[in-house]
Amino acid sequence: MKKLTLLMIIASVIFASCMQNEKNDNPLLNDFDTPFGVPPFDLIKASHFKPAYLKAFDEQKAEINAIINNPEEPDFNNTIKILAYSGELLNKIGRVFGSLNSANTNDSLQTINREMAPISSRHRDDINLNDTLFQRVKSVYDNRDELKLNDEEKKLLEDTYKDFVRSGAALSPESKEKLRKINEELSMLQVKFGQNLLAETNGFKLILDKKEELSGLPDGVIEQAASMAKSLNMEGKWVFTLQVPSMTPFLQYSDNRDLREKLFTGYFMKGDNDNEYDNKSVIARITKLRVERSKLLGYKSFADFALERNMAKTPEKVFEFLGQVWTAALPVANAEAAAQQELINREGGKFKLEPWDWWYYSEKIKKAKYDLDDEITRPYFKIDNVMEGMFYVANRLYGLTFTKRTDIPKYHPDVNTFEVTRNGKHVGILMIDNYPRPSKRGGAWCGTFRSQKRDIDGKMIYPVVTMVTNSTMPSTDKPSLLTALEAETLFHEFGHALNNLLSNITYPGSSIPRDFVELPSQIMEHWVLEPEVLKVYAKHYQTGEVIPLEIVDKLDKASKFNMGFTTIEYLAASLLDMEYHALTEPVDLDIRDFENKSMAKYGLINEIKPRYRSTYFNHIWGGGYSAGYYSYIWCEVLDSDAFQAFRETGDIFNSEVAARFEKEILSKGGSGDPLAMYIAFRGKAPGIEALLENRGLK
Ligand SMILES: [Zn+2]
């Protein structure tokens, strides 16, 4: 009898493994049989996702059941470690879906997203709220002092335990039921927010058909608008969109005040037009549910909940920090507004400066003061050259080499793929996707199709990283020529990419706190305009001439120009985020009223709008920056101070400092405590001084 059972088990194991090796006609369910195991984009169809997701949910359920039904006493290996490795298929599919849905979406993907959001939410809750599983995790956690764990294992154990508690595992059955409902509704609202926003962004176009309406616009900008019109079958006209590379130059240069107002109003009213894509009720509901959820879990507010795991720890700390910078920056912004009004008056304009005038007049003042504008520098920032520049910096700092590959599947023709190596050894794959299109959401980001880790047997898994921007497109007769700011954005996202590429951890799933993850990205921005770096990459796209020293000098002098505005519009958005998420009662908000009152409280001047108004603030409603938009300037304290570590040696490529930065920060990902990691790199915690100096706010 015994023998027979054993035979049957062996037979079924063999059968199971045959099934695994057998080719499925759904490519998402097969091993990716491509160079470096990148997703086989050419084979993946939208219709593959749903069945793959359902299979992946089942697979993880089975893995979780195996953990729960294990008769052995719970320990690190049979519970924490194996749990960390569960859901590999789901993770694999989720990463492909998430990346495609952000960078190259379509109606089918959006439908699947709407359909899968509540099912995914239920699946996560089935795991997070499973009491038997939680009791096993808790028992390992309660015995943690007796276990001989290394630092990464300790962090994994603590994070796993806290994640369960923060997901509601310790709640009563009734509260758990309530939580499930909230989570499900939230997941659907977040999807709705993003889909409304994409529709609103694509829905507005400023179409011009008279030459005189182009007054003030540089040739390059006009060509871009003509190319855009052509691509929309409106040959002979000029089209400006709400995408930043199209909108900003128009606001900077157009002499036509009414058209500037029209375009900018289109932008800042996104999601607030009382139409079918209006986001006000969506975010009012999200806010309310987030408060309810946080209170259910025992927190005063959503911000208290979210910040507990961040470097800042409490909302009070964030408000205090933002307040300090606000106080330093507001007088500077006021002075900038006064200078613009003075120019308007001097020119005989009989009107008050409005938000849609800011770019135009600041550009004029900048030009008069520094004899510099974007059109002077664009020819030196051809996108391929800028990428060469960032690769050069990564090579000098970390010894990385980037080789273009054309034999690797990609999800869109605009994608450029690079193999990253060090001393001839494979490090990872980097995909770069730079131009706006209706299927791509706005902004810039970095993600992974596969993150670095070691598999359950300790074998290295190399990362496949994707970097997405919305940069100036090539036009009919010019390559993509970037503004200095766009070049900086490329370096920024590349910094995230390096963090992923140089990650050297064991377990999957550790995440870097929001208010630390911008350190690796923002530190890269410090190299972009360094003369030593510019002379390598900033070459005129036609003549090959290196950017003249005189322009470099102007760029340097102008780098602190308009910093009052830049700081205040950013801080206003950060404070708006905090105001929503520091609410301690689940109230029904009137969004316009709440936004106005929140901004008035800090004395935001009328001439400046928050960088994101509520109805299109994707970071905090759709993305992962809820009660976290402050992170960028929080991290600037870190990156300004960290870059000083290079400067102090007199060599911005100092290899010892770079090696320490890689060892203590980049390679550790989310596997350590951020402040401890920073101190290990720098020897001390940073102060706010370098930040204020950097922005000229001292
Ligand atoms: Zn970033």
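Modeller: We begin with a definition: a residue counts as buried when its relative accessible area is under 20%, and as exposed when that area is over 50%. Keep in mind that this is a predicted model.

Colleague: Is Glu 518 buried or exposed?

Modeller: Glu 518 has a relative accessibility of 1%, so it counts as buried.

Colleague: Which protein atoms hold the zinc ion?

Modeller: As a general idea, ideal angles at a metal are 109.5 degrees for four tetrahedral donors, and 90 or 180 degrees for six octahedral ones. Here the protein donors are NE2 of His 492, NE2 of His 496 and an OE atom of Glu 518, lying 2.1 Å from the zinc ion. Along the chain these donors follow the spacing H-x3-H-x21-E. His 492 belongs to helix α18 (residues 484–501) and Glu 518 to helix α19, so this pair ties together parts that are 26 residues apart in sequence. His 492 is buried too, with a relative accessible area of 8%.

Colleague: How many cavities of 30 Å³ or more does the structure hold?

Modeller: The general idea is that rolling a probe the size of a water molecule over the atoms shows where empty space is left. This structure holds 2 cavities of 30 Å³ or more.

Colleague: Which residues line the largest cavity?

Modeller: Its lining consists of Glu 152, Lys 155, Leu 156, Asp 159, Tyr 507, Ser 510 and Ser 671. By kind, 3 of the lining residues are charged, 2 are polar and 2 are nonpolar.

Colleague: What lines the second largest cavity?

Modeller: Among its lining residues are Asn 499, Phe 516, Val 517, Pro 520 and Met 677. Helix α19 (residues 514–528) gives the most to this lining, with 3 residues. The lining of the second largest cavity has 6 nonpolar residues, 2 polar ones and no charged ones.

Colleague: How does β4 pair with β3?

Modeller: Strand β3 (residues 400–405) and β4 pair in the antiparallel sense over 6 bridges.

Colleague: How many bridges join β4 to β5?

Modeller: β4 and strand β5 (residues 425–433) run antiparallel and are joined by 7 bridges. Asn 416 stands opposite Ile 432 in β5, and Arg 422 has Lys 425 in β5 as its bridge partner. The two strands form a hairpin with 2 residues between them, and Asn 423 in the turn has a positive phi of about 50 degrees.

Colleague: How many residues of β4 are buried?

Modeller: Strand β4 (residues 416–422) is mostly covered, with 6 of its 7 residues buried.

Terms used. Residues numbered from 1 in each chain as written. Predicted model: local features only at pLDDT ≥ 70, side-chain atom pairs only at ≥ 80, totals over all residues. Heavy atoms only, no water. 1 Å grid on protein atoms, 1.4 Å probe; cavity = no way out; pocket = protein on both sides within 12 Å on 5 of 7 lines; lining within 4 Å. Points joined across faces, edges and corners; volume = space filled by probe spheres on them. Nonpolar A, V, L, I, M, F, W, Y, C, P; charged D, E, K, R; others polar. Helix = DSSP H or I, 4+ residues; strand = E, 2+ residues; numbered from the N terminus. Donors = N, O, S within 2.8 Å, 3.2 Å for Na, K, Ca; no water. Buried < 20%, exposed > 50% of the residue type's maximum accessible area, 1.4 Å probe, protein only. Pairing = 2+ DSSP bridges.
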